[in-house]
Amino acid sequence: MSNRLSGNEAVAYAMKQMNPDVMGAFPITPSTEIPEYFAQYVADGEVNTEYVTVESEHSSMSVCIAAQAAGARTVSATSSCGLALMYELLYVAASCRLPITLACVNRALSGPININNDHSDSMGARDTGWVQIYAENNQEAYDNFLMAMPIGETPSVRLPVMTCMDGFITSHAVENIELLETDAVRKFIGEYNPENYLLKKENPLAVGPYDVSAYYMEHKVQEAEAMKAAKARILEVAAEFEKISGRSYGLFEEYRMEDAELALVLIGSSAGTAKAAVDKLREDGVKAGLVKIRVFRPFPGKELAQALANTRAVAVMDKSEGFSANGGPLFAETRSALYDLKERPYLIDIVYGLGGRDVKTEDIEKVFGRLADIAVTGEIGPVYTHMGQRSKEDIA
Amino acid sequence: MSKIYNLKREVEKPVRLTGGHRLCAGCGAGVVVSGVLRALDKEDRAVVVNATSCLEVSTFMYPYTAYMDSYIHSAFENSAATCSGVEAAYNALKRRGKVDGAVKFITFAGDGGTYDIGFQSLSGAMERGHDMVYVCYDNEAYMNTGIQRSSSTPRFAGTTTTPIGSVGQGKKQNKKDLTEILVAHNIPYVAQTAPIGNFKDLHTKAYNAIYTEGPCFLNVLSPCPRGWDYPMAKLAEITKLAVDTCVWPLFEVEEGVWHLSYTPKKKLPVEDFLRPQGRFRHMFQKGNEWMIKEAQQYVDQKWERLLEHTSA
C-alpha cells in the first residue's frame with residue numbers, strides 16, 4: 001500500500017505494525033513526533049504496548065534495557081543530546097546483549113545548541129556496540145526499522161540496533177512510500193522468544209554483573225564477534241525483506257560505480273543530492289559515481305575497498321566533525337579500509353553540512369571538479385577540508 | 001504474613017540473599033537486604049534491581065550471584081528507571097499471556113545512588129506510579145568509592161572529601177531529608193526504618209511496601225564500619241543508638257497519614273550516637289563543644305517537627 005508519510009510517521013507506523021511490548025518515550029527535537037504518533041496509537045487502542053513516558057533519555061534507555069532483559073521487545077526514539085545522555089547505557093545495552101531497537105533522528109550535538117541535521121550524535125555513539133543502519137529517505141527509514149529486530153534478535157548477533165535518518169530533511173519531509181501490510185510485518189519479525197530473561201519462571205536470571213579482569217575481556221571479545229556476525233545477518237535479512245517488499249538492500253548502495261573513476265562516499269539524505277550531481281556529470285561524460293554507506297556498524301571495510309578499487313580519486317564526505325585533527329569518522333574508516341588495496345585511489349575528506357548547513361548539487365559538482373584535478377595532476381592539496389567554510393571577513 | 005511477627009518463623013524461610021557474598025563484616029547492607037527480602041511471601045517471585053554500589057559489587061561478581069531471585073544491575077543513577085522497565089515488561093507480557101503469577105519488583109540503592117545521582121530517576125519512577133518498592137540503604141556517604149560525602153552525610157561527619165583539618169571541620173551542610181521529599185510525591189507508602197532488635201520494624205514496613213500496590217519507598221539506616229569507623233561487632237548497637245537518640249526516627253506515612261513507629265523510653269543525648277564513631281571524633285575535642293550542641297539542637301528540632309506530623 002502506498003502512502004504519504006514523513007520519516008517520523010513512517011517509523012512510528014512501523015512501530016505500530018510491530019506492536020512492541022514496551023516503549024521508552026521522551027521528547028527531543030526532531031524525533032519527538034515518533035513518541036507522539038505512537039501515543040495516539042496507544043490512546044486509540046491500535047497497539048497494546050506498555051508506553052513508559054520517562055523523565056529523561058537516560059531513563060528511557062534504562063527502561064528499554066530492563067524491559068528487554070525481562071523478556072520484552074522494546075523500542076525507543078531519540079536525537080542529538082538525548083542520544084548523548086544515553087551514552088553510558090548504550091554500552092550497557094550492547095554488553096548485556098539486548099536487541100533493543102532505537103530510531104535515531106540525526107541532529108547536531110550542542111554546543112552551541114542547534115536543532116538541525118548532522119551526524120555528530122550517532123557518530124559519537126559509533127563505538128558503543130550498536131549496529132547502525134542509515135537511511136537516505138523515508139522509505140529506507142521505514143524499511144530499516146522493520147529489518148532491525150530480525151537482525152538484532154538473531155542468537156549469533158543479539159545486539160541492539162540503531163536505525164538513523166536525517167533530522168528534518170527525512171524526519172519531517174513528506175514523501176510517497178510503500179508500506180507493507182501489518183500481517184506481513186508481523187510474520188517478518190516473528191515472535192520474540194529469548195532463551196533467558198528475568199521473568200522466566202523456571203530459571204531466575206542475573207543480569208549486569210561486576211566483571212573482573214579475569215572475565216571482562218572474554219565478554220568484550222564475544223561482543224566483538226557478535227558485531228562481526230551481524231554483517232552476514234544484515235544481508236540475510238535484506239534478502240528476506242526483498243522477498244516481501246521487492247526492495248533490495250546491501251551494506252551500502254553503489255550508484256553508477258561500474259566504471260566510475262571519481263567517487264564520493266557519504267551517508268544519509270545527501271545521497272539524493274549527490275545522485276543528481278552524478279547524473280548531471282555523467283551526461284557531461286564525467287565517470288562519476290557514489291557509494292552511499294547504509295551500514296556503518298559493522299563497518300563494511302572489505303566490501304567498500306572492493307567497490308572503490310578501480311577508482312582514481314575518492315572524496316569521503318563526513319557530516320560530522322570528529323575533532324581528531326585527522327578527518328571525520330567516515331574518512332578514518334574508509335582510509336583504513338583502502339589500506340589493503342594494492343593500488344589505492346587518491347583520497348580526500350570533506351566535512352560538510354554541520355548543524356544543518358545545506359548542500360546543493362553545485363556543491364557536490366565542485367567536489368567532483370576537485371577530484372578530476374587530483375586524478376589528472378596527482379596533487380591532493382589539503383586532505384581534510386570543510387565545505388563552504390566562510391572566513392571571518394565573509395561573515396562580517 | 002501472619003498478624004503476629006515471629007522472628008524464628010521468618011528466619012526459617014528459605015533465604016533469598018545467600019551467604020558467601022563479599023560485604024564487610026559489620027556492614028548493615030546485607031542485614032537490610034536479607035531483612036527486606038524475608039518479608040516476601042514464600043511462594044512469590046521477585047526481581048531484585050540494584051544500583052551500582054558496595055552491595056552490587058559484593059553480591060553479583062561474575063560468575064556468582066548471591067540472589068535466589070532474578071536480578072538486574074545496569075548503572076549507578078538509574079535503578080528506579082530500571083525497576084520501572086522490568087515492571088513495564090511484566091505488565092506487557094502478562095497482558096499478552098506470556099508470564100503468569102505474582103512477581104514483586106524491589107530496588108536496592110545506596111544513599112549516593114538515591115539522594116544524589118539517582119534522585120531524578122527515583123522521582124520520575126515514583127511519579128509514574130509503577131508497582132515497585134524502592135529501598136535506600138542509607139550509609140550516609142559514597143562508601144564503595146572510598147567514603148566521599150553525599151547529600152545524605154550528616155553535618156560535621158568527616159569523609160575523604162570533607163576531611164578534618166586546621167580549617168575544615170567535616171561536612172558543612174545538614175543531611176538532606178529524603179524521606180520527606182518522597183512523602184511529597186504522594187505515593188501510597190513511605191517509611192523510615194532500621195534493622196534493630198528482632199527486625200520487626202524493618203520486616204513489617206518491608207511487607208507493607210511490597211504488598212501495597214503502587215510505588216513505595218523505604219529509607220533504611222545502614223551503618224558502615226569503614227565509613228563510620230566503628231568496630232564491626234558494634235553494628236547492632238550503633239543502629240539502636242541512632243534510633244534511641246532520635247537521629248534516625250522510625251515512622252511511616254500511609255496514604256499521606258503519618259504514624260510514629262517508635263518512641264524511645266528515654267531519648268538519649270545525640271553524643272551517645274556520635275561518640276563510638278570515628279567520623280565524629282573531632283567533635284569531642286576541646287573547643288568543639290559547640291558542634292555537639294548544634295548537632296543536638298538540629299536533632300531536637302527535626303524530632304519536634306516529626307511529632308507535629310505524626311500527632312496531627
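Modeller: Gladly; here are the terms one by one, for what is a predicted model.

Colleague: Why is chain A called as compact as a globular protein of its length?

Modeller: We begin with its make-up: the secondary structure of chain A comes to 13 helices and 16 strands. The globule rule gives 21 Å for 396 residues, and the radius of gyration of chain A is 21 Å, close to that value, so chain A is as compact as a globular protein of that length. Along the principal axes, its C-alpha trace spans about 70 × 50 × 50 Å.

Colleague: What makes a residue of chain A count as buried, and what percentage do?

Modeller: The cut-off is 20 or more other C-beta atoms within 10 Å of the residue's own. In chain A, 56% of the 396 residues count as buried.

Colleague: How do you know which residues take part in the contact between chains A and B?

Modeller: Two residues are in contact if their C-beta atoms lie within 7 Å. The contact takes 37 residues from chain A and 35 from chain B. On the chain B side, helix 4 supplies the largest share, twelve residues. By class, that side has 19 nonpolar, 13 polar and three charged residues.

Colleague: Why are strand 9 of chain A and strand 4 of chain B said to pair?

Modeller: Pairing requires at least two bridges, and these strands have two bridges, so they pair. The sense is parallel, and V207(A) stands opposite I72(B).

Note on methods
Residues are numbered from 1 along each chain as its sequence is written. Chains are lettered from A and ligands numbered from 1 in the order in which they are written. This is a predicted model: local features need pLDDT of at least 70, side-chain atom pairs count only at pLDDT 80 or more; totals for chains, interfaces and linings use all residues. Helices (H or I, at least four residues) and strands (E, at least two) are DSSP runs, numbered from the N terminus. The radius of gyration is taken over C-alpha atoms; the globule rule is 2.2 Å times the number of residues to the power 0.38. A residue is buried if 20 or more other C-beta atoms lie within 10 Å of its own, exposed if 12 or fewer, and partly exposed in between; C-beta atoms are placed from the backbone. Ala, Val, Leu, Ile, Met, Phe, Trp, Tyr, Cys and Pro count as nonpolar, Asp, Glu, Lys and Arg as charged, and the others, Gly among them, as polar.
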